[in-house]
Amino acid sequence: MSAFTCLDLPVALALSTLLLSFGLSAFTLLRAVLVKESRHE
Amino acid sequence: MNNLLTITLWVAYFAVFALLVRKGRNHDAVLSGPVGFGVQALAYVATYISAVALVGFGGLAHAYGLQMLLVAAGNVWLGTWAVYRFLAWPTRCWQEKLHARTPSQLLGLGHGSPALTRFLALVFALFLGVYASAVIKGAALMLAEILPVSPSMLIWGVAVLVGVSVYVGGLRGVLYTEAMQGVVMLVGMVLLVGAVLAKVGGPLEGMVALSQLPPTPQADNGFAALSSGSQGLFIISLVMVTSVAVWAQPQMIQRHFALAGKDQLKRVTPLAMFILTVLVGGAYFAAALSRLILPEVASPDDVMPTLVRQLLPAFALQLFVLAIVSASLSTATAIYHIAVSSLSEDLSGLRGNRLAWLGGIVATILVSGGCAQIKGQLVALLCTTSWSVAGATALVPYLMLTLGNRQHARAALTSAVIGFVTCLGWYLLAYKGTAIAGPLFGDIAAMTPPFFVGLAGSLGGWMLGSLRPAPDAARTVLRIR
């Protein structure tokens with residue numbers, strides 16, 4: 001059984017939005033740091 | 001060796017705490033001035049998340065399963081992203097324009113109603129002052145687990161520690177110590193989540209195993225699904241109360257006063273979301289999976305401490321205790337600051353001096369420390385209701401000003417008073433568990449969260465109060481840049 005198929009829709013949505021927030025915020029922060037570093041160079 | 005490490009850890013923690021408090025020494029005690037994006041984001045999250053959210057709601061995740069992730073998702077998207085996207089910068093612009101020093105002043109000056117400032121100050125001082133008792137009691141009980149001192153003495157010790165740090169460091173000191181505590185909370189939670197995932201064989205395996213457990217009365221559709229009926233409604237109401245009522249909590253509004261500029265939001269928002277996702281998402285996910293390790297516990301509040309004792313080595317356990325103490329202290333310092341500034345400045349309508357600030361500190365220490373010592377029904381009621389009552393009282397006037405650019409003294413005051421009365425009245429007369437003579441209006445009313453009733457009342461109050469237009473002279477034009 002796949003892990004996501006054992007969740008009902010509201011819980012699967014909640015987990016997906018949390019994963020999205022984790023990935024998106026990490027990416028945004030990383031990009032902000034990289035942009036700042038490239039400006040310094 | 002272990003003892004030496006433990007002592008070093010605690011001494012280092014309080015040494016850094018004292019150093020950071022001193023950073024605010026030469027600043028205005030009520031206003032912090034701008035702070036860096038890391039401090040802003042960490043302080044927001046540390047104020048938001050108290051020990052109740054980590055330990056108490058962790059216990060709920062054990063009972064309700066993965067559906068508590070709805071609360072975590074609500075906190076991240078509604079309680080953080082939406083706040084920084086729509087509310088934080090308009091709040092900062094209004095605060096600067098009006099020269100407001102506190103959230104009560106922001107709303108009172110914004111709507112041109114000194115009575116609103118005083119009314120909000122009274123509500124915040126009373127409810128947050130007493131609510132602080134529950135927060136410092138939580139920290140004292142956690143410290144009592146590792147220190148050979150009576151809980152009663154520890155309560156006074158924590159109350160004085162928080163009071164002194166707010167007196168010495170003011171708001172700037174509070175923000176810096178909260179940022180440090182946010183880091184400690186993050187480290188403690190990462191340790192616990194890692195230990196739980198290792199024990200259950202990984203996140204995916206844990207989810208599958210959890211979904212195969214038989215349903216219980218609370219998780220009546222199993223531990224991987226939203227419950228039906230009143231239990232599902234309870235989870236949804238928890239999402240809304242913890243993610244929407246937070247918008248108008250004065251200690252959260254005050255964090256926006258420290259924004260350095262609109263551009264800072266581009267970094268503050270993702271950092272705050274990231275920390276909150278790891279903290280609450282991690283806490284509730286791990287606590288839900290903990291059912292595979294601890295099938296039954298005596299009380300929901302025992303889940304996190306038992307889990308920590310079972311899974312973490314001695315040093316990591318100390319780190320986790322520090323994380324919970326940090327969660328309590330960060331919320332306590334934020335609440336104390338609001339209660340003290342309400343008492344020393346907002347109620348009198350005069351700019352407070354050091355003596356008034358000291359008087360406010362002493363009063364708040366006595367109220368919160370004293371209330372933490374007694375087991376009165378009134379104290380319990382004020383602690384339970386504080387979050388919803390503060391939200392229902394201030395949310396409509398706050399949104400009207402910051403989002404709607406609507407200013408109306410009579411409407412704002414009517415809205416705040418009716419929001420307060422209906423929310424508190426619902427707790428006292430209709431809501432299951434807090435109604436004095438049992439719920440008076442039937443089963444559906446008994447399950448309806450008082451925050452929603454207060455919010456509806458507050459909106460009705462605004463419409464009633466705005467039947468007569470506000471005089472043009474009272475309006476301040478503000479262009480949000």
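Predicted model: local features only at pLDDT ≥ 70, side-chain atom pairs only at ≥ 80, totals over all residues.
Contact here means heavy atoms within 4.5 Å.

**Stop 1: chain A.** One helix and zero strands are present in chain A. Along the principal axes, the C-alpha atoms of chain A fill a box of roughly 50 × 20 × 5 Å. Of the 41 residues in chain A, 29% are buried. Switching to a surface view shows an accessible area of about 2900 Å² for chain A, with 70% belonging to carbon and sulfur atoms.

**Stop 2: the interface.** Next, select the residues of each chain that touch the other. On one side are 25 residues of chain B, and these are in contact with 22 residues of chain A. Together the two chains bury about 2000 Å², and carbon and sulfur atoms account for 80% of that area.

**Stop 3: the chain B side, element by element.** Colour helix 4 (69–98), helix 8 (203–211) and helix 11 (265–289) of chain B; these are the elements that give two or more residues to the side touching chain A. Helix 11 of chain B gives the most, with nine residues.

**Stop 4: polar links across the interface.** How many salt bridges are there between chain B and chain A? The count is zero. For polar contacts, the rule finds four residue pairs across the interface of chain B and chain A, both residues being at pLDDT 80 or more.

**Stop 5: two loops of chain B.** Most residues other than glycine have a negative phi. Select H99(B), where phi is near 55°, a positive value in a residue other than glycine. H99(B) lies in the loop between helix 4 and helix 5 (103–111) of chain B. Is H99(B) buried or exposed? H99(B) counts as exposed because its relative accessibility is 66%, and exposed means over 50%.

Finally, move to N405(B), in the loop between helix 15 (377–402) and helix 16 (409–429) of chain B. Phi of N405(B) is likewise positive, near 55°. With a relative accessibility of 39%, N405(B) counts as partly exposed, the class that lies between under 20% and over 50%.

Technical notes
Residues numbered from 1 in each chain as written. Chains lettered and ligands numbered in written order. Heavy atoms only, no water. Buried area = accessible area lost by both parts, 1.4 Å probe. Salt bridge = Lys/Arg side-chain N within 4 Å of Asp/Glu carboxyl O. Polar contact = N/O pair within 3.5 Å; in protein donor to acceptor, adjacent residues only side chain to side chain. Helix = DSSP H or I, 4+ residues; strand = E, 2+ residues; numbered from the N terminus. Buried < 20%, exposed > 50% of the residue type's maximum accessible area, 1.4 Å probe, protein only. Areas by Shrake-Rupley, 256 points an atom, 1.4 Å probe, with all protein chains shown as cover.
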